[in-house]
Amino acid sequence: WSLLNNQRTHRMLSIDWRRCLGALPVTKIPQAAGVTAQAFHNWLKHDVYDAYWRRFDEEINVGPTGVPTLMLAGWYDIYSDAMLDIFSHNQQIPSELPFTKMIIGPWGHTETDRAFGELDFGSEAEVDMDALTVDWIDRCRRGAIEDLPPIRYFVTGANVWRHAVQW
């Protein structure tokens, strides 16, 4: 992640991952990828939970913002628990309730297709992320997000979308 996001453009397809991940010591991985990746080196320097990592701890740093927030998560995302924790935390802050919305689909971390691995959830699972994003921005601009349900979630097995007020 830090190798990819250290650049002005996304270089995922041009990196020889076999060579990079075979580089030893691990401090040589960015060099093998042809990038500097300062964040990667910072992570290696802080191999225990310290002040560096506390800056990124959502349990400490998430608080009222008053800014409309659309959280997208996937049932198969490695970060779904953290997303649900942050969402639940925001639901405990009355001033944040109208501003925080969440969509949970049958997705992994980066893909929002109708299928995950060998599981195909049908056409109901398909979401046009561009249209969703444009609609969200338009609603924010018009001050019309409060009429959206707080949570929209996909029920796997039944392959239907449902809404909830609280998680």
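Me: Which residues does Ile 151 touch, not counting residues up to four places away in sequence?

Reply: Contact means heavy atoms within 4.5 Å. By that criterion, Ile 151 touches Phe 87, Gln 91, Met 102, Arg 162, His 163, Ala 164, Val 165, Gln 166 and Trp 167. This is a predicted model, in which local features need pLDDT of at least 70 and side-chain atom pairs count only at pLDDT 80 or more, while totals for chains, interfaces and linings use all residues. Residues are numbered from 1 along each chain as its sequence is written, and side-chain values use heavy atoms, with hydrogens and water left out.

Me: Which residues make up the largest nonpolar core?

Reply: In soluble globular proteins, nonpolar side chains tend to be buried together. A nonpolar core is a set of buried Ala, Val, Leu, Ile, Met, Phe, Trp, Tyr and Cys residues joined through side-chain atoms within 4.5 Å; buried means under 20% relative accessible area, exposed over 50%, and partly exposed in between, with a 1.4 Å probe and protein chains only. Here the largest such core has 10 residues: Met 71, Ala 73, Leu 84, Ile 86, Phe 87, Met 102, Ile 104, Ile 151, Tyr 153 and Ala 164. Two or more residues come from each of β1 (69-74), α6 (80-91), β2 (100-105) and β5 (151-155). Helix α6 supplies the largest share, 3 residues.

Me: What is the strand order of the open sheet?

Reply: Helices (H or I, at least four residues) and strands (E, at least two) are DSSP runs, numbered from the N terminus, and two strands pair if DSSP finds at least two bridges between them. The open sheet has 4 strands in the order β1-β2-β5-β6, with mixed pairing. Because β1 and β6 (160-164) each have a single partner strand, they stand at the edges, and one side of each is left without a neighbour in the sheet.

Me: In which sense do β1 and β2 pair?

Reply: Their pairing is parallel, over 6 bridges. Among the bridge partners in β2 are Thr 100 for Thr 69 and Ile 103 for Leu 72.

Me: Where does α6 lie?

Reply: Axes are lines fitted to C-alpha atoms, for helices over the stretch in contact, and angles run from 0 to 180 degrees between N-to-C directions. Helix α6 lies across β1, β2 and β5, at about 155° to β2. Helix α7 (residues 129-142) also lies across β1, β2 and β5, running at about 160° to β1.

Me: Is Cys 20 buried or exposed?

Reply: Cys 20 counts as buried because its relative accessibility is 0%. Cys 140, at 29%, counts as partly exposed.
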